[in-house]
Amino acid sequence: MALPARSTSSLIASLLLALSLPLAAEQTSEEAIAEYHAMFGDENPAELWQLRGEELWKTPRGPREVSLEACDLGKGPGVITGAYAELPRWFEDTGKVQDLESRLVTCMTTLQGLPESEVFAIKFGDGERKSDLEALTAYVVAASRGSRISIPLDHPAEKAAYALGESVFFYRAGPHDFACATCHSESGKRIRLQTLPQLTTKEGAQAAYTRWPAYRVSQGELRTMEWRLQDCFRQQRLPQLKYGSDVAIGLTLYLARKAEGGEMVAPSIKR
Amino acid sequence: MPDPMRIRAVMMGEVVDVKILMSHVMETGQRKDADGNVVPAHYITEVTATCKDKTVMSAAWGPSVAKNPYFSFRFKGGAKGDKLSITWKDTAGGTRTDEVTIN
């Protein structure tokens, strides 16, 4: 007996619904996010930043008309391979512990003679307002893919920066009485559907640290560690974290040290 | 001048596998900025691929394509060493053409 067309289709629809519901429920949000990332494969718009960063690195710029190819990121002038995996570190010439972003600022101001106001004009890009710092960071970080994070903390200033980072990580403050540790020192914590890494463990710190900087799909921008930390401060309602400050560098050093031995995969892609 | 595209074109048996990353804001014209003003539409409307003076792919795009779009397609008739040229045009009269060698 032939069923009327309408009831056949509604029967099929309800069958499909019945089939798909338990399947959907079985897939956790993490699996769904992993599947979403897998769909991109090796394709990551971060490459667009890397390309622009390479151009910026190799092109003579600034009043002195020189490229950044003589910039010393800790492994000798112009050496970028594996450099990010060993940052932040102590630099003799500036007498400071510096992360990649602040070191790039040093090179742009001292080597190229660019005024700091110009270097800092766009710290974080937004559409047509592109950040040179983000592009250069993407280029340098990509040259550390496959390198293992090595933060020996040999210099006393590095030990001090680590201690500062550690104390800030656990320091509760602001209207919510939050510390970094409030969200990042237990497993299974999340914001909405985003599982938060447990940064006090080696595995958690490695999984997180080796994947920053990253292309943020929701913003359509490449974001660096400096951005990640200042946004964490904003989410905690803490005072604005100053770019390249001792606190920003200390926290980065603390996290990098926690992720010691992790293999860099950044720039990665995130939701 | 718009930023260059990242293009990969690789022979996969009989067909050429093309993967493109474009740098573009792809503003829909539906968003408002912090002051409540509409952000004007600015998106790619046309993408064409040319190989050996022949259009091998053309696409009409609209505002629903993502920012910094990733675009992939395959075509027959290309060979290793041929040049493949990709061009996009947008609503603001902007255009960009980049060329790669198929390998």
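Start inside: about 30 Å³ of space lies in the largest cavity. On a 1 Å grid over the protein atoms alone, a cavity is a set of points where a 1.4 Å probe fits but cannot get out; its volume is the space filled by probe spheres set on the points, joined across faces, edges and corners.

This is a predicted model, with residues numbered from 1 along each chain and local features needing pLDDT of at least 70, side-chain atom pairs 80 or more, while totals for chains, interfaces and linings use all residues. Chains are lettered from A and ligands numbered from 1 in written order, and side-chain values use heavy atoms, without hydrogens or water.

Select the lining (residues with an atom within 4 Å of a point): among them are A:Y84, A:D99, A:Y209, A:M225 and A:T252.

Keep A:Y209 and A:T252 on screen, as they also belong to the contact between α9(A) and α11(A) (contact: heavy atoms within 4.5 Å). Show residues 202-209 and 246-258 of chain A: these helices (DSSP runs of H or I, at least four residues) pack at about 115 degrees, axes 8 Å apart. Axes are lines fitted to C-alpha atoms, for helices over the stretch in contact, and angles run from 0 to 180 degrees between N-to-C directions.

Now hop to chain B. Its strands (E runs, at least two residues) form an open antiparallel sheet, β1-β2-β5, where pairing takes at least two DSSP bridges. The edges are β1 (6-12) and β5 (70-76). Find B:A9, opposite B:V18 in β2(B). Finally, show α3 (46-58) of chain A, which packs on this sheet and touches β1 and β2 of chain B.

Note on methods: On a 1 Å grid over the protein atoms alone, a cavity is a set of points where a 1.4 Å probe fits but cannot get out, and a pocket is an open set with protein on both sides within 12 Å along at least five of seven lines; lining residues have an atom within 4 Å of a point.
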